[in-house]
Amino acid sequence: MRIVVILKQVPDLVEEFEVNQDGSDIDREYLTLLLNEFDNHALEEALLIKDATGAGVDVVGLDDSGIDQSLYSALAKGADRAIKLTGLDTSSGWVDTHARAAMFAGWLRGETFDLVLTGVQAADDLDGQLAPILGSMLDLAQVSVVVGVHVADVHVADGVSAEQEFAGGVVATLAVTTPAVIGVQAARQPPRYVPIAKIRQVQQAGGIEQVAIAAPSVGAGLAVRRMYSPEQTSHAEMLTGSDAEVAEKMIELIRSRGLLK
Amino acid sequence: MVNDVVVIAEHAGGALTDTTFELLGKARQLADDWGGQAIAVLVGDAALATQLGAAGLVVTVDGPGFVEYTSDSYLDAVMAAIGDRAPRLVMLSTTTAGLDLAGAMSVRWDAPLVSSVVAVVAEGDAVVATSQIYGGKIMAECVITADRALVAVIAGSFPSGAGHRDGAPDVEALVPSAQGAARVVFRSRAEPAAGDVDITAVDVLVAVGRGIGSKDDIELVQEFAEAIGAPVAASRPVVDAGWLPKTRQVGKSGLKVKPRAYIMFGISGAPEHLEGMRDAELIIACNTDAKAPIFDVAHYGTTVDLFDLLPELTEKAGG
């Protein structure tokens with residue numbers, strides 16, 4: 001079995017976001033980029049399948065700034081190959097999901113694989129999520145919001161078993177014919193850690209393969225007219241003062257409602 | 001161009017979902033603006049069509065293959081229902097089914113899609129959809145001038161009232177053409193396991209989000225929670241990281257809570273979380289980002305660092 005895991009980096013959501021001068025994008029100058037957390041879960045799920053069955057795991061990303069770090073980290077965790085697709089201009093920082101999907105579809109059409117796993121969503125998915133768009137481009141079965149993928153299930157002849165999560169934590173178990181594209185919400189267990197030293201070691205050995213893909217001619221079909229920080233219509237009353245004073249005010253708010261046990 | 005607006009209805013446990021009515025109310029308004037009609041597409045459980053009175057037309061697709069939702073067969077069904085109707089706009093929710101279907105429909109129907117939408121307006125012939133991205137921290141106003149478009153809307157963006165109307169919409173029952181073997185087959189469903197604490201049944205909840213940074217530091221939150229006799233709840237990233245069990249998760253994919261006080265640390269207020277807690281009576285939020293969307297929802301807030309604040313709170317609550 002061969003599993004392809006698609007990775008991308010997104011800005012760290014813990015940070016403050018500013019909009020650039022012409023309001024067309026976020027200001028990327030000082031942003032920290034991290035591997036999309038859902039992609040990290042997709043990688044973990046793939047590695048769990050590898051641990052159990054010996055499946056091959058390839059990680060692939062577009063030639064975005066910083067992607068090498070995520071690819072090397074994935075190799076250090078146990079991925080077998082890392083591939084970087086070149087040919088799409090990503091220098092502006094943000095690339096719509098349809099264009100990204102077209103790049104991955106362009107590559108996957110020439111590959112043999114059983115599963116494509118990627119994060120169910122990313123924080124900058126303005127024009128939709130990668131898994132269903134890619135799945136449709138390749139005309140493959142696709143399932144989103146998945147919290148577990150099991151292979152070699154006796155009940156599934158030519159596919160895998162996937163757990164899809166619905167509102168309120170209800171989970172449906174599905175038999176999915178492969179090859180399939182799966183959007184992972186959470187792996188069966190938290191993503192594994194890998195020591196920085198090991199990532200450095202892998203990095204020194206190199207090993208990211210580059211593949212040139214023709215850039216897609218069509219995009220998402222929408223224009224961003226303006227980006228802005230949400231207007232704060234009903235703003236919270238801000239508690240100010242020293243740490244101790246703010247703590248005192250918070251306790252008083254709870255106490256005055258008779259809620260302090 | 002046909003100026004109809006299609007809503008992909010969703011149902012669970014024999015009832016239409018709230019988001020279906022939220023979309024339908026908005027669809028009707030937009031269709032009125034454009035001089036078209038609101039059309040609801042209902043896959044499975046065709047008997048629910050009578051409740052979709054706000055629609056001018058309900059297209060149902062029902063049969064043995066549609067008893068349970070599966071991405072593949074429902075996608076075929078909604079595409080068949082749209083057929084050659086050529087609506088101006090198709091509206092879905094950012095639910096699990098909405099995430100499955102919206103992107104796939106955008107490819108199959110060759111239509112632009114805006115996701116995580118909180119507002120949609122008609123501007124002449126154009127659709128202007130505002131998307132809330134980067135965990136709710138940035139709004140992006142998108143203009144679609146193509147003759148067709150899709151939006152996937154965040155729950156709670158529109159009032160559901162306008163979608164609840166008595167009426168007798170025309171119902172068109174579509175007989176699905178014979179499909180090949182389904183690529184996605186439903187096998188079973190499991191309700192979430194009960195946890196040690198029922199966070200939906202307590203007066204006070206202390207909640208922690210990704211701002212806490214590490215599993216070890218959750219202890220700081222737990223100490224304060226213990227001091228005030230409250231359980232600790234969490235937003236999705238904390239649960240996905242395995243720092244707290246799933247039974248403590250508040251939000252779209254977790255539990256909906258309505259405590260008398262909800263005290264939150266390091267939660268910026270992504271739509272997924274707000275969906276589960278915005279009705280709490282008293283909301284106090286601690287987040288170092290003064291522009292975090294949580295401060296729109298909270299009644300009281302502070303930008304004091306949670307690592308400085310929590311020890312003070314624990315001390316004062318115990319004293």
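Helices (H or I, at least four residues) and strands (E, at least two) are DSSP runs, numbered from the N terminus. The legends below use these element names and refer to a predicted model.

**Figure 1. The loop of chain B that contains B:Ala86.** The phi of B:Ala86 is near 50 degrees, a positive value in a residue other than glycine. Most residues other than glycine have a negative phi. With a relative accessibility of 30%, B:Ala86 counts as partly exposed, because the class lies between the buried limit of under 20% and the exposed limit of over 50%.

**Figure 2. Strand β10 of chain B and its two parallel partners.** Strand β10 covers residues 149-153 of chain B, and 5 of its 5 residues are buried, so the strand is largely enclosed by the rest of the structure. On one side lie B:Ala149, B:Val151 and B:Val153, and on the other B:Leu150 and B:Ala152; both faces are covered. Strand β6 (residues 89-93) of chain B pairs with β10(B) in the parallel sense over 5 bridges. In this pairing, B:Val90 stands opposite B:Leu150. Strand β7 (residues 113-123) of chain B also runs parallel to β10(B), joined to it by 3 bridges. Here B:Val114 is the residue opposite B:Val151.

**Figure 3. The interface of chain B and chain A.** The two chains bury about 7,500 Å² between them, with 57% of this area on carbon and sulfur atoms. B:Tyr134, B:Arg183 and B:Arg187 supply 11% of the area that chain B buries against chain A, more than any other three residues. The contact takes 84 residues from chain B and 91 residues from chain A. Across the interface, the rule finds 34 residue pairs in polar contact, both residues being at pLDDT 80 or more. By class, the side of chain B that touches chain A has 43 nonpolar, 19 polar and 22 charged residues.

**Figure 4. A salt bridge and a strand pairing between the chains.** The rule finds 8 salt bridges across the interface of chain B and chain A. One of them joins the side chains of B:Arg210 and A:Glu37, with an N to O distance of 2.9 Å. Elsewhere, strand β13 (residues 237-238) of chain A pairs with strand β17 (residues 300-302) of chain B in the parallel sense over 2 bridges. Within β17(B), B:Gly301 is the bridge partner of A:Met238.

**Figure 5. The surroundings of A:Lys8.** A:Lys8 is placed in the loop between β1 (2-6) and β2 (9-11) of chain A. With a relative accessible area of 8%, A:Lys8 is buried, because that class is set at under 20%. Not counting residues up to four places away in sequence, A:Lys8 touches A:Leu34, A:Leu35, A:Asn36, A:Asp39, A:Ile67, A:Arg100, A:Ala122, A:Asp124 and A:Asp125.

**Figure 6. Backbone geometry at A:Val145 and A:Pro179.** A:Val145 has a positive phi of about 55 degrees although it is not a glycine. The residue is placed in strand β7 (residues 141-150) of chain A, and at 5% relative accessibility A:Val145 counts as buried. The peptide bond from A:Thr178 to A:Pro179 is cis, with omega near 0 degrees. Most peptide bonds are trans. A:Pro179 is found in the loop between β9 (171-177) and β10 (180-184) of chain A.

Methods
Residues numbered from 1 in each chain as written. Chains lettered and ligands numbered in written order. Predicted model: local features only at pLDDT ≥ 70, side-chain atom pairs only at ≥ 80, totals over all residues. Heavy atoms only, no water. Contact = heavy atoms within 4.5 Å. Buried area = accessible area lost by both parts, 1.4 Å probe. Salt bridge = Lys/Arg side-chain N within 4 Å of Asp/Glu carboxyl O. Polar contact = N/O pair within 3.5 Å; in protein donor to acceptor, adjacent residues only side chain to side chain. Nonpolar A, V, L, I, M, F, W, Y, C, P; charged D, E, K, R; others polar. Pairing = 2+ DSSP bridges. Buried < 20%, exposed > 50% of the residue type's maximum accessible area, 1.4 Å probe, protein only.
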